[in-house]
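Try each task yourself before reading its solution.

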Amino acid sequence: MNNSHATDTAIFALSRDAIAICDDKKNIVQVNPAFEHSLGYKSEDIVNQNLFGLLTDDSKIRQEIEQELDDEREWVGDVNLNCQNKEIKKMTVCSSHDLQENTDKPKLFLIILGLSNERDKKENYYDKLTGLATPQLFIDRTEQALIAAPRSNKSVALLMVGLDRFVLINDGLGYHIGDQVLKAVADKLNQNIRRSDTAARIEGDRFALVMQITSIEDSVFVAEKILKSMCQTLEIEGNTLSLTASIGISIFPSDSSDQTSLIKHAESAMRYTKKLGGNHYQFFSAEMNTKAKKRIEMENKLRRAIKNNEFVVYYQPKVNLENNAIVGAEALVRWMDPDVGMVSPAEFIPIAEETGLVNGIGAIVLKEACRQNSEWQAKGLSGVKMSVNVAGSQFREPEFIDKVKAALTESGLAAEYLDLEITETMLIGNMEQVIEKLTAIREMGVHVSIDDFGTGYSSLSYLSRFPVTTLKIDQAFIRDMENDTATEEIVRAIIGLSHGLNLEVVAEGAENIKHINFLREQGCDLVQGYFYSKPLPAEEFEKKLAGEYLYDS
Ligand code: C2E
Ligand code: MG
Ligand code: MG
């Protein structure tokens with residue numbers, strides 16, 4: 001037993017926080033004495049039970065936790081736990097993965113914070129009137145979020161929510177009614193946030209929320225939901241009341257990296273919203289306001305684009321370096337926006353991914369690319385392998401395999417002429433499920449490439465376990481080769497690695513003859529890049545394929 005392991009074991013045994021360790025199926029394998037003591041279970045009763053069996057909560061919260069854990073993120077939030085004596089305790093729980101590289105199966109920790117001296121905490125931490133977090137707990141939670149968010153590549157949004165003209169209710173109808181309104185507002189806030197987010201009552205009619213977000217869109221989404229629910233009328237002791245609120249939003253890390261100024265910034269944004277007339281939200285920074293506005297416009301326009309099918313597919317040749325023949329094509333989507341003209345996928349795919357619209361767009365591209373390839377073959381042109389980019393959420397769809405099958409059947413394209421490009425980050429997480437899906441794709445005869453290889457953080461030792469056929473070296477490496485001989489070595493190593501693993505290797509972004517010569521010398525199989533051709537509309541690609549243009553390299 002090495003030293004750090006011995007320390008871990010001691011911490012586990014002595015910790016006053018209850019800790020359960022689970023395997024990758026979320027079955028409990030070990031609990032510490034604090035766990036036995038706090039929840040009343042004996043170790044032997046609880047080991048082998050499923051972790052989620054401890055939660056009284058519904059499937060929504062399970063899904064939320066599972067999603068975060070599958071993506072190897074931490075989850076922190078309040079849950080109701082079933083104790084051995086049938087008591088239910090509301091506890092703050094933090095669960096996290098064992099991220100040690102050399103462990104074969106991921107382990108999961110469930111750490112139950114604060115079961116000891118629960119009673120005095122309850123008073124300090126939860127507002128008596130509304131049951132929301134107190135400012136003290138809110139500050140704690142914000143601090144936790146600021147520490148946890150960067151570890152899972154997230155940001156933090158702090159929303160300050162103030163009721164508009166609440167004083168009229170208090171003065172006009174009395175504090176008794178005012179209190180009931182505040183309670184109702186607290187319920188509305190709770191209904192519109194995830195369990196891992198925290199809602200607090202700061203003072204009087206001022207509330208605050210803190211949440212981890214993947215994009216500022218997430219905070220816009222919550223702010224809009226809250227504004228909408230506030231507008232629904234309240235019936236309180238024969239009075240019909242309608243409310244509005246003003247919301248100010250500050251973002252970590254872009255607006256500030258410490259919680260005190262994040263809170264101040266959100267407050268000043270809230271005051272500004274009030275000045276503008278209330279019933280709305282504002283970000284602290286002008287830049288975020290513009291960004292949020294642009295995002296929302298883009299989202300609405302993308303919905304329309306899917307409905308009206310405003311997408312076209314361009315094709316970029318993949319060329320065999322031995323004989324300069326076109327042997328493949330990558331289908332790259334373009335959006336023909338009637339207002340502004342052609343929009344590049346680099347601009348809209350990230351937004352489409354965040355809003356879930358990418359699945360619809362991806363399905364359109366997949367169908368069209370198969371149809372087009374089949375049409376070219378029917379015209380007697382030489383068969384090319386058609387690569388189609390697949391987004392993470394698209395790959396995770398349960399119907400994904402069926403959609404691939406349907407695209408092949410409808411177009412009549414043979415599976416060997418289709419290749420799906422996935423990225424390294426899609427391989428991380430639920431490895432067994434990913435392997436199962438990839439195996440099913442390979443069994444159909446469809447190829448699988450890893451796109452932008454070298455930019456993610458996939459572990460090389462895992463690579464051989466995924467049934468993929470091709471590695472695509474990211475274009476940044478090819479671009480940097482000229483200025484940096486170390487990058488040349490990386491490219492050389494990836495080519496060697498691919499061949500060692502019996503994989504085909506494609507270099508992306510080859511722009512000049514120097515790139516081509518180097519890649520050819522190193523035995524790179526295929527090249528895709530401006531040197532040969534930019535992505536082309538279908539008719540132009542067809543001409544190239546028919547040999548109307550010849551390459552002169
Ligand atoms: P990607 O899959 O890595 O595609 C290669 C990108 O590199 C394309 O950009 C291509 O035009 C560009 N490229 C190729 N050769 C060169 C070169 O020599 N020099 C330079 N500077 N660039 C080169 P594009 O078409 O703008 O696409 C950008 C990204 O958008 C793609 O990167 C892909 O991640 C995404 N994308 C495109 N179409 C789709 C789609 O249908 N679905 C999904 N999910 N993503 C897509
Ligand atoms: Mg690609
Ligand atoms: Mg790429």
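**Exercise 1.** Describe how H6 passes H10, and with which handedness.

*Solution.* Start with the crossing: H6 passes H10 in a right-handed way (a crossing is left-handed if the near helix is turned anticlockwise from the far one by less than a right angle, and right-handed if clockwise). Helices here are DSSP runs of H or I with at least four residues, numbered from the N terminus. This is a predicted model, in which local features need pLDDT of at least 70 and side-chain atom pairs count only at pLDDT 80 or more, while totals for chains, interfaces and linings use all residues. Residues are numbered from 1 along each chain as its sequence is written, chains are lettered from A and ligands numbered from 1 in the order in which they are written, and side-chain values use heavy atoms, leaving out hydrogens and water.

Next, take the geometry. H6 (residues 135-151) and H10 (residues 259-275) have axes 10 Å apart and pack at about 110°. Axes are lines fitted to C-alpha atoms, for helices over the stretch in contact, and angles run from 0 to 180 degrees between N-to-C directions. H6 is therefore roughly perpendicular to H10 (65 to 115 degrees; under 35 is roughly parallel, over 145 roughly antiparallel and the rest oblique).

Finally, look at the contact (heavy atoms within 4.5 Å). From H6, Phe 138, Ile 139, Thr 142, Glu 143 and Leu 146 meet Gln 259, Leu 262 and Ile 263 of H10. These residues divide into 5 nonpolar, 2 polar and 1 charged (Ala, Val, Leu, Ile, Met, Phe, Trp, Tyr, Cys and Pro count as nonpolar, Asp, Glu, Lys and Arg as charged, and the others, Gly among them, as polar).

**Exercise 2.** Work out how H13 is oriented relative to H15, and which residues meet.

*Solution.* First, the angle: H13 (residues 358-378) and H15 (residues 400-411) pack at about 30°, with axes 9 Å apart. That is why H13 counts as roughly parallel to H15. The crossing of H13 past H15 is right-handed.

Then the residues: Leu 366, Lys 367, Cys 370, Arg 371 and Ser 374 in H13 meet a group in H15 including Val 404, Ala 407 and Glu 410.

**Exercise 3.** How many residues of domain 1 and domain 2 are in contact?

*Solution.* Begin with the bounds, which come from an automatic or database domain assignment: domain 1 is 3-121, domain 2 is 126-284 and domain 3 is 297-543. Now the count: 14 residues of domain 1 touch 11 residues of domain 2.

Technical notes: Helices (H or I, at least four residues) and strands (E, at least two) are DSSP runs, numbered from the N terminus.
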